[in-house]
Structures are given as C-alpha cells and as structure tokens.
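The paragraphs after it begin with a single residue and then widen to its surroundings.

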Amino acid sequence: MFANSRRLAGAGLCLGMLAATGVMAGAQAEQQDVEATPYRPTVSNPADLSAPGWLEMEMGWQRVRGGGDQRRDSFPVLAKLAFSEDWGVLLGSELGIRRTDWDNNSFTGSGDTTVLLKHRIAGSGEGSAWGVEAGFKSPTAKDTLGSGKADYLVNAIYSRDFAANHFDLNLNAAYIGAIDASEGRTQYGWAAALSHSLDARWGVFGELSGYTRRGTAATEQFMAGASYNYSKRVVFDIGGAWGLNDASPDGTVFAGLTVLLGRLW
C-alpha cells in the first residue's frame, strides 16, 4: 500500500512541477507580480496568505528518526486558497505514511486531515502583520498512524520584514482528543523562525520550536535549511531538524516545493 502512496506522492510532485512550468511558460503576460507564499517547511506559518483567488499547493517528503517511532517517512501536502488579502483557508494532510516502531513493525497509509481558517491583520509598523488560524484535525488516518480522535487548533502569528530578513513568531494551543488518564487535554506550542535572502533566488532559514502538555515530556527542536526560487511561482526547499532533548525526534530530513498552480477567479 505504501508503494501506491509513494507512486501517488511522486505523481503529485511531478504534476506540481509540470503545472508550475506550464504556468511559467504559458502565462508570462498575466500578473507577473504574483508570487508564491511558502509556509513549508518550518513549523511556524507567516501571517500573510497566498495570492487571493489563486490555488497554491505545497508538497514534499520527509523522514523522521527517533521520538515515538524508529523511523517515519511521509509525503505532506497543503492546499491554500485566499479569498482576499486577509481571509483564506488551508487544507493539509499526508498522501502516504510509512512508520516503523521500535519492534520493527511497519504501518502504512495516509494521514489525518487538517482544516484551518486564516485571518491576517495588518500591523501598525511597515512590514509587520498579525495573523490568526483556527480549525481542527479530522482523524482520517488509521489508528496505527493517527490518534483516532479529532483535535481543535488555534494559532496566533506575528510576522515582520526587515532588510533582507523575515521573522515569524507562532504561539498556539490544541485541544487534544485522544489522551491517557494522567495527561492534560491542552497542548501548547511555540515556534520562532528567521529567514534571510542571500540573493534574488537563494535564501536560508533557521527555526526553534517546541510543544508542552501536562503529563507528557516537552519537546524542542532546531530546524535549518535553504530555499531556491525557481521562479516567482515555484519555490524549492531542503533541510533538516534536530531534537534538543530526549523526548524529541533525533533528526529529520526533508525536501519539497511550493507552487502557485493557477487562478480560480
């Protein structure tokens, strides 16, 4: 089954790149100033939404070692659609997952589905903005791959541009559906990311993030990577993350892309 998921994910990546190339080649005269707005691969999201009326997709591959599993491979995807500069929706999942537990048992399938409504609020200073995301995670994955219960999410965002840099700070809370008797239902998270443009195409980024919940061990990680603007509408990324305590996964490697597919209205 995971082989099918990998083929589906690979096909999705190829289609995304082909569509992106088509957008570049076939619509050079239409709104050249429209650009992709990558959220991946950082834990934190920016306050800005994607271009209003345009369908934007993010897709990639990642491998996580350590933590709850010996190894976990997945193909995360995210669809973004903004109704205006200030309102939009996000729909995310994983096309395929293969997790291997510490007893060498493997489980394959697709992931849970997350739906978020997003609101951007212009900041008082130039280059700054606030944002709020709220929604839920639907338990569409098998119990061996997900919790089997719905979670409810809210995320507060502050973003700021200065010189050739961009800063995002996220503070969030999640009401967890599946818990043990000794655990709290509310999980708190934080993430702070700083990215820097090296030139018109290349950029680098670093991020610190973590989660805490009563009755469970807190997790913390550091992420770093690079991005490449193939065009205004196609952005590639690559990098890794490292756990900063025993409760966190040992390490993660990832690669993916963000592509502005086409205008819906």
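**A residue and its surroundings**

Leaving aside its neighbours within four places in sequence, R213 is in contact (heavy atoms within 4.5 Å) with I176, I179, E183, G184, R185, T186 and Q187. This picture comes from a predicted model, in which local features need pLDDT of at least 70 and side-chain atom pairs count only at pLDDT 80 or more, while totals for chains, interfaces and linings use all residues. Residues are numbered from 1 along each chain as its sequence is written, and side-chain values use heavy atoms, with hydrogens and water left out.

R213 belongs to strand β10, which covers residues 202–213; helices (H or I, at least four residues) and strands (E, at least two) are DSSP runs, numbered from the N terminus. With a relative accessible area of 12%, R213 is buried, where buried means under 20% relative accessible area, exposed over 50%, and partly exposed in between, using a 1.4 Å probe and protein chains only. Two of the residues listed above also meet the side chain of R213 through polar atoms: it makes a polar contact with the side chain of E183 at 3.2 Å, and it reaches the backbone oxygen of G184 at 3.0 Å. A polar contact is a pair of N or O atoms within 3.5 Å; within protein, one must be able to donate a hydrogen and the other to accept it, and residues adjacent in sequence count only if both atoms are side-chain atoms.

**The strands that follow**

Strand β10 is joined by 10 bridges to β11 (residues 219–231), and the two run antiparallel; strands pair if DSSP finds at least two bridges between them. Across this pairing, F205 stands opposite G225 in β11. The hairpin of β10 and β11 has 5 residues between the strands, and in it G215 takes a positive phi near 85 degrees. Strand β11 is in turn joined by 10 bridges to β12 (residues 234–243), again in an antiparallel arrangement, and this hairpin has 2 residues between its strands. Here N229 stands opposite V235 in β12.

**Backbone angles in the loops**

Most residues other than glycine have a negative phi, and most peptide bonds are trans. Against that background, N104 has a positive phi near 70 degrees; N104 sits in the loop between β3 (87–100) and β4 (106–109), and it is exposed, with a relative accessible area of 55%. A163 also has a positive phi, near 55 degrees, and lies in the loop between β7 (151–162) and β8 (165–175), where it counts as exposed at 85% relative accessibility. The peptide bond from R40 to P41 is cis, with omega near 5 degrees, and P41 is found in the loop between α1 (2–26) and β1 (54–66).

**The chain as a whole**

Among contacts in the protein chain with a separation of 6 or more, 53% are between residues 24 or more positions apart.
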